[in-house]
Every structure is written in C-alpha cells, then in structure tokens.
Amino acid sequence: MKKCLRSMIVLTMVLLAPLVAIAHADAGDTTGGFLAGFFHPLLGWDHVVAMVAVGLWGAFLGAPAIWLLPVVFPLVMSIGGVLGVAGVPIPAVETGIALSAIVLGGMVAAAARPPLWVAAVLVGLFAIFHGHAHGTELPASANPLLFSLGFVMATGLLHVCGIAFGLLTRWPAGRVAVRTVGGSITLVGLAFLVGLL
Amino acid sequence: MNAWHRRLVGFALASSACGAYAHSPVAGMNHFYSGMVHPVLVPAHVIALAVSGLWIGLGPGDDKTHITLLGAAAVGLILGIFVTLPAMEQFVLTLATVMAIAVALHWAGPSAVRLGVVACLGVLLGLDSTPDGLSGSQLWLSLAGTWLAIALIVAAMILLCQVAARPWQRIALRVIASWLAASALVVVALVSFKPAQTAAPNRSGAVMQR
C-alpha cells in the first residue's frame with residue numbers, strides 16, 4: 001500500500017509537471033471535420049441505441065458474431081453512405097433507423113439466436129439506413145475524409161460499448177440486465193417511430 | 001540508488017521539459033522535416049499507409065511486399081518531379097479501400113496480387129507527395145524526408161501487427177481496418193459524385209477546389 005501510494009504521488013507530480021498544455025482544438029478543417037463527424041452519431045439517440053444494440057447482440061451471440069457484426073455494420077454503412085452521397089433516394093430513412101432500434105433491441109430482449117448469416121443480413125440491412133443518413137448530411141465545409149473517419153469511429157466505439165456491456169451475459173444476472181437494456185432500446189425505437197422523441 | 005531515488009530523478013527529468021522546437025539546428029535541413037511531416041498531414045496518405053502496414057503485417061510475413069512498397073514509393077517520388085497527374089488522392093483512397101477490405105476479411109491474396117497492389121500504392125503515394133516549388137538539394141531533402149516517413153509509418157504498423165499476437169488483438173486490427181475501409185469508401189464516392197464539394201490540398205499545401 002505504501003509503495004502504491006508513493007507511485008501515485010510520483011505519477012501525479014509527473015502529470016502536473018508539463019509547462020504548457022494547449023487544450024483548444026483547432027477549429028479549422030482537421031480536428032473540426034473529425035470532431036463534427038465523431039459527434040454526428042452521438043447527437044442522435046436513435047443512432048446511439050441502434051449501435052449499442054448491435055454490440056449487445058454480438059456479445060449475446062458470442063464468437064464469431066461478436067466481432068463479425070461490428071465489421072459488417074461499418075462496411076455496409078459505408079455503402080449506404082455512398083448511396084446518400086450519390087443522391088440515390090432511400091424511402092423512409094428515419095423510419096428505418098427507428099426500426100433498427102426496435103428490431104435489434106428486440107433481438108437482444110428476446111435472446112434471439114438466429115444463424116449467423118441471418119444476423120449479419122439483418123444488421124447489414126439496417127446499416128444502409130444509418131449510412132444513408134450520414135452520407136446525405138456530410139457537410140460540404142468539413143474535411144470529408146476526417147468527417148467520415150469520425151462518424152465511422154464513433155459508430156465502432158458505440159459497438160464496443162455494447163459489446164462491453166454485453167459481456168455481462170456470462171452471469172445469470174447479467175443476462176437479465178442485458179435483455180432489459182435490449183427491451184429499453186426497443187422502447188426508445190418505438191418512441192422515435194411514433195414521434196414521441 | 002534505490003527505487004525512491006530513481007522516481008525522484010525521473011520526476012526531475014520530466015519537470016525539466018520546456019518548449020519542444022521543431023526547427024532543425026542544421027541550416028537547410030528544414031525541407032527534410034517538411035517532407036517527413038507531409039504524409040502525416042494528408043489524411044488519405046495516413047490511411048493508405050496504415051492499411052498497407054496492416055495488410056503486410058497480418059499477411060504471410062514475406063519481406064518482398066514491404067520492400068516493394070518502399071521501392072515503389074521511391075520511384076513515385078522521383079517520377080513526381082517530372083510528371084503531374086490529377087486526382088492522385090482519389091486513386092490512393094481507392095487502393096486503400098481495397099486493401100482495408102482485404103484486411104477486414106482476412107484475405108492475404110496471391111503473392112503477385114499483393115506485390116502489384118502495394119507497388120501501385122507506393123507509386124501513387126510518391127507521385128502525390130512530390131512538393132512543388134522546390135529544386136536542387138531542397139527538393140531531394142524533402143523527398144528523402146517523405147520517403148523516410150513512409151518507411152517509418154509502415155514499419156510501425158507492421159510492428160504493431162507483430163506485437164498484437166493474441167487472437168482478439170488481431171481481430172481488433174481487422175475491425176479497425178473495416179473502419180478505415182468504410183471511411184475511405186464514402187470519401188471516394190463523394191469525390192466521384194460531388195467533386196465540387198471536395199477541397200484537397202495541392203502538393204504545395206494550398207487548398208484548391210477539384
């Protein structure tokens with residue numbers, strides 16, 4: 001304990017030692033484009049809950065779904081993004097996004113274990129809606145590559161959050177908690193669908 | 001010297017840091033550092049180099065691919081002195097997308113395909129990195145710096161792949177590659193379908209509309 005305390009004191013002093021810390025992010029193209037893209041999915045709760053649901057469901061299904069779904073989603077999402085950028089209309093995008101939360105949350109709540117290809121197709125289908133929404137909203141002023149990198153990374157990190165929470169399924173109480181969260185995601189999706197949120 | 005004294009010395013060293021100056025003390029060497037910084041300042045190049053490092057590092061482990069990439073980059077840098085081609089960044093991103101998808105899908109490909117792809121990427125990176133407005137020793141210093149930066153970035157990614165020996169770490173790298181592929185693909189589409197909306201720095205650093 002003494003050793004640990006000494007180490008903590010030294011570490012704290014070392015961290016306080018730097019003379020200059022510049023904390024302001026450059027508001028220009030570089031960090032501005034990346035940050036704008038990074039926060040884009042985070043500022044829409046319909047996106048957030050659906051991304052977390054993908055991670056939860058992947059953790060629930062176990063390997064290889066636990067990493068396959070977070071690989072499939074960004075790749076197919078980018079195709080949706082391409083369609084959005086190209087101006088190809090997809091009907092009822094916002095409805096599709098709301099449905100993604102309902103269906104994916106429902107899968108977790110019901111502890112559904114379909115074949116891997118079914119899960120991948122379902123996730124991919126909804127990824128197109130999310131990607132289309134990001135692609136059409138790609139702002140002209142930001143650095144598009146950094147914006148794109150930002151929203152893809154944010155999406156991936158939301159998956160990781162879902163996976164991390166989903167790992168609780170190894171315990172019986174954890175399974176209940178994860179399925180409860182899945183049910184909550186379904187309710188949030190319903191709220192978006194009917195216009196409550 | 002006991003552990004406590006070592007910590008105190010470490011703290012003293014950490015506290016002694018003041019300004020870090022990036023200007024070279026050697027006259028005329030600034031262009032070398034400018035060349036070194038160039039690949040890091042162009043997001044498309046960073047993505048391409050990161051992905052190529054992942055593809056080489058997670059692949060069968062032959063040195064030919066790595067050497068081919070570096071050799072092609074050198075050729076591209078020299079060719080760029082005489083040749084100016086438009087839309088290089090778009091081609092770099094397209095190749096980066098293909099390689100990133102290959103990494104995500106854990107596809108190494110035949111040796112001939114690997115060598116061909118990295119050679120193309122190396123030449124394109126070199127062509128897109130040759131600076132305008134420099135000549136003589138300044139130009140060659142800048143090219144040397146850029147080539148060294150390319151070599152270091154790729155080597156760092158290959159080293160990362162070697163350090164990431166556990167299965168979950170390798171999967172994490174493939175997931176990251178899928179993110180890079182997704183990002184690059186959207187931008188390739190943007191450049192293809194809406195070129196007026198994309199602004200890219202030309203090789204001398206000024207922003208120009210495509």
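Student: Where in chain A is the place of A:Thr95?

Tutor: A:Thr95 has its place in helix H5 of chain A. Before we dig in, a bit of housekeeping: residues are counted from 1 along each chain as its sequence is written, while chains get letters from A and ligands get numbers from 1, in the order in which they are written. This is also a predicted model, where local features need pLDDT of at least 70, side-chain atom pairs count only at pLDDT 80 or more, and totals for chains, interfaces and linings use all residues, and side-chain values rest on heavy atoms, with hydrogens and water left out.

Now, back to A:Thr95. Its relative accessibility is 36%, so A:Thr95 counts as partly exposed (buried is under 20% relative accessible area, exposed is over 50%, and partly exposed is in between, with a 1.4 Å probe and protein chains only).

Starting at the N terminus, the pattern of chain A is α-α-α-α-α-α-α-α. Of the 197 residues in chain A, 49% are buried. For contrast, chain B has eight helices and two strands, written along its sequence as α-α-α-α-α-α-α-α-β-β, and 41% of its 210 residues count as buried.

H5 of chain A covers residues 93–109, and the loop between H4 and H5 holds A:Ala92. The phi of A:Ala92 is near 55 degrees, which is positive even though the residue isn't a glycine. A:Ala92 is partly exposed because its relative accessibility is 47%.

With a relative accessible area of 19%, though, A:Ala111 is buried.

The peptide bond from A:Ala63 to A:Pro64 is cis, with omega near -5 degrees, and A:Pro64 belongs to the loop between helix H3 (45–61) and helix H4 (65–85) of chain A.

A:Leu99, A:Leu187, A:Leu190, A:Leu193, A:Val194, A:Leu196 and A:Leu197 together make a nonpolar patch of about 700 Å². To join a patch, a residue needs over 30% relative accessible area and no salt bridge; like charges are joined within 9 Å, and nonpolar side chains (Val, Leu, Ile, Met, Phe, Trp, Tyr) within 5 Å. A salt bridge is a side-chain nitrogen of Lys or Arg within 4 Å of a carboxyl oxygen of Asp or Glu, and the areas come from the Shrake-Rupley method with a 1.4 Å probe, where for residues only the protein chains shown count as cover. Helix H8 (residues 172–194) of chain A gives the largest share of this patch, four residues. A:Val194 is found in H8, and it counts as exposed because its relative accessibility is 60%.
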